[in-house]
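Below are my notes on the model you sent. Please read them with the coordinates open.

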Amino acid sequence: MLTIVWGLGWVVTSIERTAYPRFKRLITAHEPHLFFSPTIDELQWASDATDCDEHLLALLLMLKSYQRMGCFPKLEDVPAMVVDFVRRQVELPEGTLPVYQAEKTAKNHRGLVRKRVGVLYDQAEARRIAEQSIRREAAAKNRPADLINIALEKVVEAGLELPAFSTFDAMASKIRREVNTAICDGIHDRVSPAERAGLARLLEDRDGDGTTLFNRLKRPAQGPSWSHFKNLTKRLEWVDGLGDTDVWMDGVAAGKITDFAGEADAADVAELRDYRPVKRMALVACLVHKARMRVRDDLATMFCKRVATKVKKAKQELEEIRLAEREIVEALIGNYRTVLKNIDEGGPAQAALVKAAAMTAEARQALDGLDEAATAEEVAMRLDGDVSPALLALTKALVVQAGGLGAVTQTVEEFGGFDKQYEQIEKVSAHHGNFWEVLLYGQIGRDRAVMFDLAEKLEFTATSEDGRVLDALAHAQRHQAARGEYITAFAETGREVDISFTTQNWRKAVLDKTRPGQFVRKHFEAMVFTALAEELRTGDVAVVGSEEYADWSKQLLAWEAVQEKLGAYLVEVGLAEEGERAEFDAGFFRRQLEDKLRDAAAAADAGYPDNEGLVIDPETGIPSLKPHRAEGQRPSAKRLEEEIKARMPERSLMGILARTAYWVEWWRRFGPASGNEPKLADPFGRYVITTFVKGTNMGPYEAARHIPGVSGHELSYTANRHFSIVLLNEAIADLVNAHAQLGISQAWGDGTAVAADGTHMDTYLDNLLAETSVRYGKPGGIAYHHISDTYIALFTHFIPCGVWEAVYIIEGLLKNTSEVKPTTVHADTQGQSFPVFALAHLLGFDLMPSIRNWKDSTFYRPSKQSEYVHIDALFGEPGKNVIDWDLIESQFGHLMRVAVSVREGAISSSTLLKRLRSGSRKNATYTAFREVGRVIRTVQLLRYLTDAPLRRRVTAATNKVESFNRFSQWVGFGNRGVIAHNDPVEQEKAMKFNALLTNAVFSELARCG
């Protein structure tokens, strides 16, 4: 596979890896009809230009091939199926072949075709454009195939004929080498000599487990335990000590850093030693840079998970207190009764008080009438000179009185001490006020020191002008060494620390009315850590130097760039017609949404009397839908199913993969992380076997016991070094495209709709991805699939159980690189989120989830005056639940900026939606998206209620994704379905492998049908 041209010094890239036009092996029966049927005019034109059947057939083939591909193939490369089709279309004799006796005639015919299609033959200009585009993109992209594809696009846009593939290949290889050399030299020069020595030691020094420090860089974070949390803070210090990588990477594109780091990550120390020193140093530097970002991401994630776990335990403790409340209350009452007996008449405290009064009576009587200004002589005169006996009597009385109080104190100590009594009182108070906050500090325990250490080592920044949480954090840090119950409530500036950002319960816990100007220290610290975790999740606080927790607002395109793209974008996503681009502004957008909501509500109201399946409770406003009774399978369908089963040939999974790999050529997507061609002796066979092993979830060494000719090491090496998430996505897209060309796939759907849903997967647990699912009730992760209405997976994610699945609905659509572009998205009830509805609408997607629980559904009115004859109860009280149109209009620019940025890939939709949560109260973006989402969600709810066929389509779509989930789990039978990885990247790859194998099965069965 690898061809080295030593004279030129470049590596040949397989044409199959690129978009360079060529005839593929798999040509469906309808493709010749679509692309190679000559028109009457074309036939007349060709007939006039030729003098024999052979030349006529050759000219028509050149014309139709150029129209289809943009270049002239060699006539011997035109598939016989296409040649025979064109020959029969123009009724030429059987056996006629497209041949030229003279090259001059062929050259003349190419000129005729160029003139007819209106293309210029200027190879010098085409090479100039290609070189310019490759050089520009090579600064950010690394794979030769990607660079060639970009050059192809630019040359076609210029209306020029494509040069030969070898021209593009040699150019991409040469320029890529030059650009990469310059980048590596720059990185190397920006790393100081001392830092270079430190990076070199990574490849030499050994860790405690005998592996190199280089391997430590690549290790994923472990589960969020206290020890792992502590170790991760130490790892941050270690990796930061390697050098300031921001300086090293100055001017290097993020994509290039990712590619170089990926190449280093896929290699081992022995392989890196084969690189030239400068490049080796640059690759390791890039890996260190990504490691610094990743450790910050992992620390922030682990911190949030630790805090969430503590909050959960505090709430569980509250529930336990509720169960044990009677026992605690009875104990407190008993304690209080004992204390009262000590103080009451006849008790030790009262007896001591009477005795002390009697002992001091004579002295008090003698001194009666003296004030504070009385002299010592005057006091002595009153006591007849006997001062010492009086003082002695007073002292004894104080001792007796203290003894009485000591008896009370002793009684409290016997109950466990004052702190124990206060703790029990707080627990009872927590129960009566749902007051879990006062219990949280007790759960934080030893995490306190690590959390303060984290706050010191990470640099936080507020993403808005509201920095109250970080101000409170700084105050807590200043008093970290305090051990008293209270700390001052005043900052160094003398102003009181503002805690208005928190809840009433937290303020109640932190403030003590008897101690004005002070905070209850332990509750203040717990409040600060809880607020910091929440603001990290919502994006109101960012981590400097992080990737996942970076300030997402800085990733958005500048408004000037958005304005340049906005007109075309609005038309592309269907928000505006071509003639409306100029007038589409904030007011236009507002009116468009208003009309959409008013029309939907009016249609639902008008159709209610005839809607027999819908009943709205006039008191509660809760709608109910009569269930649709399925018709059952018809006898003819049963017979068809039996015939299909009888005629379906038996296929093995390995055989299916081999056949689809041959016909679709998806295997050519894979190769080394360097972007070069594979050096494997049989890449086709190795990639097919590896896909089978990983797709079925078999371990490589277990599989090698049953597959002759390959070792477990070879399979593991290939999976780790030649398969990446990006390449797996491309291979999946190849199968989706091939499947879409098959006529039978159209019997299931037209590709315009997709259903998104997740299924639980068991995993190893010592990682940050795996956690217990509230939805599924067990630990692991979620395989989240986007399944086309043609039953094939367009995209697959592997996501944590604790993440709301809705945030990935749109991401899968945007990352889908196949030619199947659905516009309608179905999901289960997890898909109901205001920001998700808003973003889907702004990106041109029609989000229609399945609705099950109507009690929690709020319908929003277009205005306070809007009233309806039949469906008014849906909207609640008159005048309530009204859309804030002024807010939407005022935020138009920001809404468009976010939408265009997501569409252009400047920020991922999942990152955005993770931050646009209900906790983002201070986030203007959230409020704007929430308001637009209220409009779209209300419209969709009304459509769902009033359109019975729509409800059946939604049900059918969600049934398809559930069927896919069951089948994909059946395919992944190995290791009892447990994903045997703790590395989140490998877990994601495992899902991609499984989706690739499952898609191959669907595609092959459809092709056989």
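**Notes on the predicted model**

1. The largest nonpolar core holds 135 residues, and F303, F460 and F524 have the most contacts inside it. Helix α15 (residues 277-343) supplies the largest share of this core, 20 residues. A nonpolar core here is a set of buried Ala, Val, Leu, Ile, Met, Phe, Trp, Tyr and Cys residues joined through side-chain atoms within 4.5 Å. Buried means under 20% relative accessible area, exposed over 50%, and partly exposed in between (1.4 Å probe, protein chains only).

2. Apart from this core lies another, of 119 residues, which includes F588, A838, L941 and L996.

3. This is a predicted model, in which local features need pLDDT of at least 70 and side-chain atom pairs count only at pLDDT 80 or more, while totals for chains, interfaces and linings use all residues. Residues are numbered from 1 along each chain as its sequence is written, and side-chain values use heavy atoms, with hydrogens and water left out.

4. Which residues does F303 touch, leaving aside its neighbours within four places in sequence? F303 is in contact (heavy atoms within 4.5 Å) with F229, M451, L454, F529, L532, A533 and L536.

5. For the chain as a whole, there are 41 helices and 14 strands. These are DSSP runs numbered from the N terminus: helices are H or I, at least four residues, and strands are E, at least two. Of the 1009 residues in the chain, 50% are buried. Among contacts between residues at least 6 apart in sequence, 73% join residues at least 24 apart. The accessible surface comes to about 48,300 Å², with 51% of it belonging to carbon and sulfur atoms; areas come from the Shrake-Rupley method with a 1.4 Å probe, and for residues only the protein chains shown count as cover.

6. Helix α3 (residues 53-69) has 17 residues and reaches 24 Å from its first C-alpha to its last, close to the expected 24 Å. The expected span is 1.5 Å times one less than the number of residues. α3 is mostly covered, with 13 of its 17 residues buried. G70 follows α3 and has a positive phi, near 85°.

7. Two backbone angles deserve a check. Most residues other than glycine have a negative phi. E665 is not a glycine, yet has a positive phi of about 65°. E665 sits in the loop between α29 (653-664) and α30 (683-695) and is buried, at 6% relative accessible area.

8. N975, also not a glycine, has a positive phi of about 55°. This residue is in the loop between α40 (948-971) and α41 (984-1008). N975 is partly exposed, with a relative accessible area of 41%.
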